[in-house]
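These are my notebook entries on a structure that I had not examined before. I set down each item that I looked up, in the order in which I took it.

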Amino acid sequence: LLSIPNHFTKKHSILFHSRNLKLETIMSHASTQPRVLQLKYTTATVRQDGVCILEMHREPANTLNLEFWDEMNECLAFAQADQVPKSHSLVICSTLSKPIFSAGND
């Protein structure tokens with residue numbers, strides 16, 4: 001379902017974490033002019049330091065359906081785009097108010 005090209009996974013760090021790490025802490029290290037892709041259930045932000053923050057925001061529990069997986073692929077393509085800033089790391093997090101990362105496939 002989620003296609004992560006080999007060249008991305010071998011050369012880049014991919015971090016999966018729960019809400020325990022505050023998104024504000026991650027985002028506070030960002031410089032000006034990040035690249036941002038806002039979609040229905042996800043948002044990808046590539047910071048100046050090359051870290052891509054992929055936020056999941058599908059209420060009520062970030063359940064994963066086909067549309068959600070399509071958006072995840074679009075966000076990964078956005079992160080890998082040959083633009084400035086270039087992404088070298090990926091952090092995937094939930095922005096739900098509940099302490100839930102994802103309930104899994106729908």
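Predicted model: local features only at pLDDT ≥ 70, side-chain atom pairs only at ≥ 80, totals over all residues.

**Entry 1. Charges over rings**

Over the face of which residue does R35 lie, and at what distance from the ring centre? I found R35 over the face of F78, at 4.6 Å from the ring centre. I then noted a second case, in which the charged end of R58 sits over the ring of Y41, 5.0 Å from its centre. I also looked for aromatic pairs, and a search of the whole structure gives one.

**Entry 2. The overall layout**

I next turned to the chain as a whole. The protein has three helices and seven strands. Reading along the sequence, I wrote the pattern down as α-β-α-β-β-β-β-α-β-β. The protein has 106 residues, and buried residues make up 43% of them. I then looked up contacts with a separation of 6 or more, and residues 24 or more positions apart account for 68% of these.

**Entry 3. Strand β3**

I took β3 next, which covers residues 42–46. Are its residues buried or exposed? I recorded five of its five residues as buried. From this strand T42, A44 and V46 point one way, while T43 and T45 point the other way.

I then checked the partners of β3. It runs antiparallel to β2, and four bridges join the two strands. Within this pairing, V36 stands opposite T45. β2 and β3 form a hairpin, with three residues between them.

β3 also pairs with β4 in the antiparallel sense, over five bridges. Here I noted C52 in β4 as the bridge partner of V46. These two strands form a hairpin with four residues between them, and in that hairpin G50 takes a positive phi near 90°.

**Entry 4. T42**

Why does T42 count as buried? T42 counts as buried because its relative accessibility is 0%, and the cut-off for buried is under 20%. I looked up its side chain, and a polar contact of 2.9 Å joins it to the side chain of E71. I then listed what T42 touches, leaving aside neighbours within four places in sequence: L37, L54, E55, H57, F68, E71, M72 and C75.

**Entry 5. Helix α3**

How many residues does α3 have, and how far does it reach? I recorded 15 residues and a reach of 21 Å from the first C-alpha to the last, close to the 21 Å expected at 1.5 Å a residue.

The buried residues of α3 are F68, W69, E71, M72, C75, L76, F78 and A79. An α-helix has 3.6 residues a turn, so residues three or four places apart point the same way. I then asked what covers the buried residues of α3, and the cover includes β2, β3, β4, β5, β6 and β7.

W69 and Y41 are 28 residues apart along the chain, and I noted 9.7 Å between their C-alpha atoms.

**Entry 6. Strand β4**

I returned to β4, at residues 51–56. Six of its six residues are buried. V51, I53 and E55 point one way from this strand, and C52, L54 and M56 point the other way.

In which sense do β4 and β6 run, and how many bridges join them? I recorded a parallel run with six bridges. In β6, the bridge partner of E55 is C93.

**Entry 7. P99**

Last, I looked up P99, which lies in the loop between β6 and β7. Is P99 buried or exposed? I noted a relative accessibility of 80%, and therefore P99 counts as exposed, the cut-off for that being over 50%. P99 and A61 are 38 residues apart along the chain, with 9.4 Å between their C-alpha atoms.

Key. Residues numbered from 1 in each chain as written. Heavy atoms only, no water. Buried < 20%, exposed > 50% of the residue type's maximum accessible area, 1.4 Å probe, protein only. Polar contact = N/O pair within 3.5 Å; in protein donor to acceptor, adjacent residues only side chain to side chain. Contact = heavy atoms within 4.5 Å. Expected span 1.5 Å × (residues − 1). Phe/Tyr/Trp six-rings, centres within 6.5 Å; stacked < 30°, edge-to-face > 60°. Lys NZ or Arg CZ within 6 Å of the ring centre and 35° of its normal. Pairing = 2+ DSSP bridges.
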